[in-house]
Amino acid sequence: MSPYFIKPKFMLLRVQLADRLPDATFWNDQAKQTLQSALNRERTLNKNVAKNVVFFLGDGMGVSTVTAARILKGQNMGNPGEETVLKWEEFSSVALSKTYGVDKQVVSSGSSATAFFCGVKANNNMFGLDSRGRDGDCASSIGAAVDSFLILAHRAGKSTGFATTSRVTHATPAALYAHTPKRSWENDGDIPTEEAAKGCTDIGAQLVENGHVFDVVLGGGRRELTDTNETDPEYPDEVGQRTDGRNIIEEWMGKKAADRTKYVWNLEQFNNADPAETDALLGLFEPSHMHFEVDRAGDEAGEPSIAEMTAKAIKILQKDPHGYFLVIEGARIDHAHHGSNAARALTDTLAMEEAVIKAMELTNEEDTLVIVTADHSHTMSFGAYPLRGNPILGLYDDGEGSDGMPYTTLNYADGPGGEIERDSYNAVGRRRNLTNVNTGDIDFKQSAIVPRSSESHAGEDVAIYANGPMAHLFHGVHEQNYIAHVVRYAACLDYKEHCDMSSAPSRHGFNLRLILVTVFLSVRFWI
């Protein structure tokens with residue numbers, strides 16, 4: 001039985017709930033405290049310059065995913081679950097992001113990453129290009145490149161890095177350093193000959209051309225950076241996918257100071273990389289994507305958790321007195337949703353929460369802006385009328401469908417779970433009968449209305465959670481590209497007026513320059 005199956009103890013919890021339900025006094029007192037915090041907010045707005053920025057991206061982490069993960073966290077702790085709070089839900093500011101792209105109501109990760117990293121919306125299936133870029137058209141990318149705030153931070157003299165649970169050449173992280181009209185061009189063999197002849201280079205090559213400026217790069221994707229003649233160090237039956245004879249790993253390392261740079265591909269090497277002795281770290285832990293959180297234990301060579309990568313990256317980057325920018329992506333939330341596998345999606349969401357907790361422990365909200373958001377949502381819904389404490393991965397506990405069969409409270413609009421029952425040869429038009437099925441099993445695929453080989457993204461707004469300097473600039477419903485501009489303003493990357501102390505009072509409302517001028521004039525007056 002999977003450890004993530006919610007056990008029947010919640011049947012007892014629901015009976016006990018009646019004995020401890022909060023009364024009107026509880027709810028009124030709670031609301032008054034929240035109201036007072038809101039009233040006090042203006043006096044405590046953090047208007048400091050953001051010396052550091054830590055940006056978390058939960059790929060595919062829509063609001064329904066956050067809600068369900070919150071409940072699963074609480075239920076794993078032995079509680080009903082609905083009352084649980086995730087770390088980023090404690091942040092001072094929350095807003096919504098409109099995720100549509102230039103040409104699509106529902107976006108791919110690359111075009112949305114261009115919005116929140118580079119500050120402009122883009123067309124589907126590409127990144128690092130403005131709207132002049134066309135899918136698969138190399139010529140359209142000439143002159144259309146836009147840079148991410150990680151590149152801008154490097155130019156401003158800050159240390160930079162990113163960590164992801166996907167390939168480092170995958171859509172979201174690649175938007176930090178690459179410019180391509182086709183998100184699938186991860187190695188040179190992926191680019192059609194006629195497009196390569198026009199001057200386009202693959203994403204892996206751009207990790208050296210542009211991404212060599214980063215001080216930390218952690219994730220998967222060894223195969224995209226090594227040649228077909230190179231055997232993978234972990235899997236002897238696998239080789240690289242490059243056809244140009246290049247080893248991008250060695251090239252990236254060659255751009256750094258040899259005595260302060262490390263390359264690691266397993267957990268032991270990662271753990272042995274001392275942040276005090278390391279200024280640049282490249283970690284590639286799988287040929288393709290890293291494992292889902294619940295599957296990491298089965299990796300013989302071992303790989304770090306997203307929380308461990310976050311902690312290591314911060315400890316390396318924070319040595320820079322000028323500050324740092326770090327991007328962390330919980331990429332496999334998205335991959336699990338595409339498989340209609342809510343259990344893995346939710347547990348990877350909770351793994352990312354551990355990373356956020358670690359980041360908050362290692363940073364100071366006075367000088368570090370922390371943002372948690374998503375690129376897009378998924379079609380997972382949370383419905384019916386389950387009682388408090390009903391297992392979030394379980395069946396609806398208070399009825400059946402009109403077809404007389406049970407159903408789960410989490411479902412998808414489309415996806416692999418949309419298969420209908422079949423007899424020996426043909427579809428018979430019935431939903432799967434989930435009676436006596438362990439819907440909490442880690443491999444269970446939630447039902448879907450429309451059968452698809454891969455569940456799709458969803459188009460509704462996603463949340464932005466922010467804490468630290470200028471977090472209050474997230475305050476309503478924003479276009480997704482606005483996020484990058486807040487980051488750049490808070491850190492004075494290209495909104496220089498915020499660097500002027502006269503226009504950037506401290507959190508407590510003091511203006512140092514004004515105080516000094518006042519003291520000077522007072523002394524002259526009395527003299």
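1. The residues lining the largest pocket of this predicted model divide into 9 polar, 4 nonpolar and 3 charged. The space in this largest pocket comes to about 450 Å³, and of the 16 residues that line the pocket, those closest to its centre are S37, R41, F91, S92 and S93. Helix α2, which spans residues 24-40, supplies the largest share of the lining, namely 3 residues.

2. Turning to the strands, β6 (residues 280-284) has 5 of its 5 residues buried, so this strand is largely enclosed by the rest of the structure. In a regular strand the side chains alternate between the two faces of the sheet. For β6, A280, L282 and L284 point one way, while L281 and G283 point the other way, and all of these residues are buried.

3. Strand β6 has pairing partners that deserve a look in the model. Strand β4, covering residues 216-220, pairs with β6 in the parallel sense over 4 bridges, and within β6 it is L284 that stands opposite G219. Strand β5, covering residues 261-264, likewise pairs with β6 in the parallel sense, over 4 bridges, with G283 of β6 as the bridge partner of V264.

4. The torsion about the S-S bond of C138 and C200 is about 110°, so the disulfide is right-handed. Because C138 lies in helix α5 (residues 138-141) and C200 in the loop between α8 (193-196) and α9 (203-209), the pair ties together parts that are 62 residues apart in sequence. Both C138 and C200 are buried.

Note on methods:
Residues numbered from 1 in each chain as written. Predicted model: local features only at pLDDT ≥ 70, side-chain atom pairs only at ≥ 80, totals over all residues. Heavy atoms only, no water. Buried < 20%, exposed > 50% of the residue type's maximum accessible area, 1.4 Å probe, protein only. Helix = DSSP H or I, 4+ residues; strand = E, 2+ residues; numbered from the N terminus. Pairing = 2+ DSSP bridges. Disulfide = S-S within 2.5 Å. 1 Å grid on protein atoms, 1.4 Å probe; cavity = no way out; pocket = protein on both sides within 12 Å on 5 of 7 lines; lining within 4 Å. Points joined across faces, edges and corners; volume = space filled by probe spheres on them. Nonpolar A, V, L, I, M, F, W, Y, C, P; charged D, E, K, R; others polar.
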